[in-house]
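This briefing goes through one protein structure, topic by topic. Keep the sequence and the model in view while reading.

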Amino acid sequence: MDIATGNAGVVMGHEGPDRVQLRPLSGGREWDAFKVRRLSAREELSARLAIQNHESRRGQVK
């Protein structure tokens, strides 16, 4: 999770010692984060469920 924005993402890479590149859990454009923390199991489950619910409403269930 990007501490500055509160947005959850998947680590895609590192740029130097203090920058992490994150991609939204639902896919999309990466962004740079400077302070991150690991999601708790509950936060990760909640985020993934929200994405799945959003996709099912759009008819994109996987």
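Two strands are said to pair if DSSP finds at least two bridges between them. With that in mind, E1 and E2 form a hairpin with three residues between them. The model is a predicted one.

**Overall layout**

- The protein has one helix and three strands.
- Along the sequence, these elements come in the pattern β-β-β-α.
- Taken along the principal axes, the C-alpha atoms fill a box of roughly 40 × 25 × 15 Å.
- The protein has 62 residues, and 21% of them count as buried.
- Among contacts between residues at least 6 apart in sequence, 25% join residues at least 24 apart.

- Strand E1 covers residues 9-15, and strand E2 covers residues 19-24.
- The two strands run antiparallel and are joined by six bridges.
- Glutamate 15 has arginine 19 in E2 as its bridge partner.
- Glycine 16 lies in the turn of the hairpin and has a positive phi of about 70°.

**Salt bridges**

- How many salt bridges does a search of the whole structure find? The search finds four, and three of these are described here, beginning with the pair of aspartate 32 and arginine 19.
- In the salt bridge between aspartate 32 and arginine 19, the closest N and O atoms are 3.2 Å apart. This pair links distant parts of the chain, with aspartate 32 in strand E3 (residues 31-33) and arginine 19 in strand E2, 13 residues apart.
- Aspartate 32 counts as partly exposed because its relative accessibility is 35%. Arginine 19 is also partly exposed, with a relative accessible area of 31%.
- Glutamate 30 and arginine 23 form a salt bridge through their side chains, at 2.8 Å from N to O. Glutamate 30 is partly exposed at 32% relative accessibility, and arginine 23 is partly exposed at 30%.
- Glutamate 44 and arginine 48 form a salt bridge in which the closest N and O atoms are 3.1 Å apart. Both residues lie in helix H1 (residues 41-57), four residues apart, which is about one turn of the helix.
- Glutamate 44 has a relative accessibility of 33% and so counts as partly exposed. Arginine 48 is partly exposed as well, with a relative accessible area of 43%.

**Aspartate 2**

- Aspartate 2 is located in the segment before strand E1.
- Is aspartate 2 buried or exposed? Aspartate 2 is buried, yet it has no salt bridge.
- Which side chain of opposite charge is nearest to aspartate 2? It is that of arginine 37, 9.6 Å away.
- The side chain of aspartate 2 does make a polar contact, at 3.3 Å, with the side chain of threonine 5.
- Leaving aside neighbours within four places in sequence, aspartate 2 is in contact with several residues, including Asn7, Leu22, Trp31 and Asp32. Ala33, Lys35 and Val36 are also in contact with aspartate 2.
- One of these contacts, Asp32, is the residue that forms a salt bridge with arginine 19.

How values were computed: Residues numbered from 1 in each chain as written. Predicted model: local features only at pLDDT ≥ 70, side-chain atom pairs only at ≥ 80, totals over all residues. Heavy atoms only, no water. Buried < 20%, exposed > 50% of the residue type's maximum accessible area, 1.4 Å probe, protein only. Lys, Arg positive; Asp, Glu negative; His and termini not counted. Polar contact = N/O pair within 3.5 Å; in protein donor to acceptor, adjacent residues only side chain to side chain. Contact = heavy atoms within 4.5 Å.
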